[in-house]
2 protein chains.
Amino acid sequence: MSAQIIDGNAIAEKLRVETAAEVEAMTRAGLPRPGLATVLVGERKDSQSYVGMKRKRAGELGIESFGHTLPASASQEEIESLVKELNADARVNGILVQLPLPDHIDDEKVLNAISIEKDVDGFHPLNIGRLAQKGREPLFVPCTPDGVMYLIEQTGTPFKGANAVVLGRSNIVGMPAALLLVKRDATVTICHSRSKDLAGVCRQADILVAAVGRPEMVRGNWIKPGAVVIDVGTNAVPDPTAKKGYKWVGDVCFEEAKEVAGWITPVPGGVGPMTIAMLMRNTVRAAQYAAKKLA
Amino acid sequence: MSAQIIDGNAIAEKLRVETAAEVEAMTRAGLPRPGLATVLVGERKDSQSYVGMKRKRAGELGIESFGHTLPASASQEEIESLVKELNADARVNGILVQLPLPDHIDDEKVLNAISIEKDVDGFHPLNIGRLAQKGREPLFVPCTPDGVMYLIEQTGTPFKGANAVVLGRSNIVGMPAALLLVKRDATVTICHSRSKDLAGVCRQADILVAAVGRPEMVRGNWIKPGAVVIDVGTNAVPDPTAKKGYKWVGDVCFEEAKEVAGWITPVPGGVGPMTIAMLMRNTVRAAQYAAKKLA
């Protein structure tokens, strides 16, 4: 048996086309272009690159982007006051504060300062709290776990009553993914580095989400035949045959797992492309929400 | 084999003695008595009775209590403005808004208005969000799940790596209990009415927390030998032999479960007494926090 591949590139591209069409419909209707403000504090290369990719993608979809950078020495007050300016700026529909912030900054306070209606990253404490509660819906959901859910949906696998196992409990992927799965009526098990018999737990999973950052930890014999396997890991491992000297692998051993799973995401080209696609969708939603409020 | 009984009455009493001693130490040191404000909206008999018990218990421990009642017709604004008054009142260290609020009230907004330092019930959205996040600690934890954790601690059972199963995903018990167990490094499975093979899932549990409100649903053969069983259910079932015509039973069939479990809470006299005991402890902690801030 060989799993069907969940093609994140193709699915993200389809989402982008839909999002661009929404932007076009808005501008055709005489509405302003959706706007995304990015806030980058300090000079981390990875953060610069993420912000760059987000702004580039926004431009391709017809979304305006406003880039703000502050020095690594910026004070709590400076960052929060920039956020407040952006809250008040009608051209800005979404505010993305690139994490991590420097150590001297209380990131919870910064995220809390973002207007909840512009929290396109879904990390506002109120949105996180709502994720963890029945009967309350976050306005925005963190983009990577949102993308994970979207990919599972594409397989047509029912969530209700499914056994879902989430490996990893990070704030940005594992925990919100687990909470989203609970909201969709899955039975959810949250595992992590302290868990015992991970293989045995994983083998019960109809839906397995791996987000631990350990290269190829999940082996083929950890997987229930026919399961949906979503691999969030992106780990660089040495590869002398590759020109750059390394290659990207997931948290799942793809070669083994694809022989057992029903559906599986590759790395790269699975979850990766979804994150920015969801962010763009969130930004357009925020703009539609703002337009409706004004109408 | 017969389980050891976790005596919630005795444990809560010990906690109360400790809490009363803390209050006495504070007043001996010339500090004001801790103060708890209760806000009751409407005339629900059960809510009136809960608030009454909380105020009575506060009095017994030397905690001042300030009872506020508003009619069921009170507006959002009226409730929030009362909360703001209480935020500003230095005599008040803890604010308890009795839930549920009337249907026309947005309870999230009311809870959000409570100063996080006075949120002794632990339902402030920021505290709930922190519960769901690594590296962030809520100032206060909801009292019933806090009591559940306290009872498990008394058994000496290690949390780290334990398989914990939580039946029920309510905002006030199941979900926060699951999040607390994740924080303590348990592997946590969240089950609910849509879960399949509940018996099989429960049988894996080293720690089983039942909070679904279904009388005696968990049978003896659902329990792993030696497990810690915490029964949060309190269900009234008809009992013609009882004077009042009914008796209280938990979500666990106690008679069967006690033959298999290592530790078990009875109903009544297990989790029940813990809730108010934790609320009193939280109130005194809030007062100590306020005193330290002033010093």
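A salt bridge is taken here as a side-chain nitrogen of Lys or Arg within 4 Å of a carboxyl oxygen of Asp or Glu, and a search of the whole structure on this basis finds 34 salt bridges over all chains. The structure is a predicted model, in which local features need pLDDT of at least 70 and side-chain atom pairs count only at pLDDT 80 or more, whereas totals for chains, interfaces and linings use all residues. Residues are numbered from 1 along each chain as its sequence is written, chains are lettered from A and ligands numbered from 1 in the order in which they are written, and side-chain values use heavy atoms, with hydrogens and water left out.

When the copies are superposed by least squares on the C-alpha atoms of residues with pLDDT of at least 70 in both, chain B can be laid on chain A with an RMSD of 0.0 Å by a turn of 180° and a shift of 0.0 Å along the axis. The two copies are thus related as by a two-fold rotation axis. With contact defined as heavy atoms within 4.5 Å, chain B and chain A each bring 32 residues to the interface, and because 100% of the interface residues of chain B are also interface residues in chain A, the copies meet through the same surface. The area buried between chain B and chain A, that is, the accessible area (1.4 Å probe) that two parts lose on being put together, summed over both, is about 3200 Å², and carbon and sulfur atoms give 51% of this area.

Between chain B and chain A there are six salt bridges; between the side chains of Arg169(A) and Asp185(B), a salt bridge is found at 2.7 Å, N to O. On the side of chain B that touches chain A, the elements that give two or more residues are helix H4 (107-113), helix H5 (125-131), helix H7 (174-183) and strand S6 (187-191) of chain B, where helices (H or I, at least four residues) and strands (E, at least two) are DSSP runs, numbered from the N terminus.

The strands of both chains also come together in one sheet, given that two strands pair if DSSP finds at least two bridges between them. Twelve strands form this open sheet of mixed pairing, in the order S1(A)-S11(A)-S8(A)-S7(A)-S5(A)-S6(A)-S6(B)-S5(B)-S7(B)-S8(B)-S11(B)-S1(B). Strand S1 (4-5) of chain A and strand S1 (4-5) of chain B stand at the edges, each with a single partner strand, so one side of each is left without a neighbour in the sheet. Strand S6 (residues 187-191) of chain A pairs with S6(B) in the antiparallel sense over three bridges, and there Thr189(A) stands opposite Thr189(B). By contrast, S5(A) and S6(A) run parallel and are joined by five bridges, with Asn163(A) opposite Thr187(A) in S6(A).

Within chain B, the side chains of Glu60(B) and Lys56(B) meet in a salt bridge of 3.2 Å, N to O; because these residues are four apart in helix H2 (residues 45-60) of chain B, Glu60(B) and Lys56(B) are separated by about one helical turn.

Some backbone features remain to be described. Most residues other than glycine have a negative phi, and most peptide bonds are trans. Another cis peptide bond, with omega about 0°, joins Val267(B) and Pro268(B). In chain A, Asp197(A), found in the loop between S6 and helix H8 (198-202), has a positive phi, near 50°.
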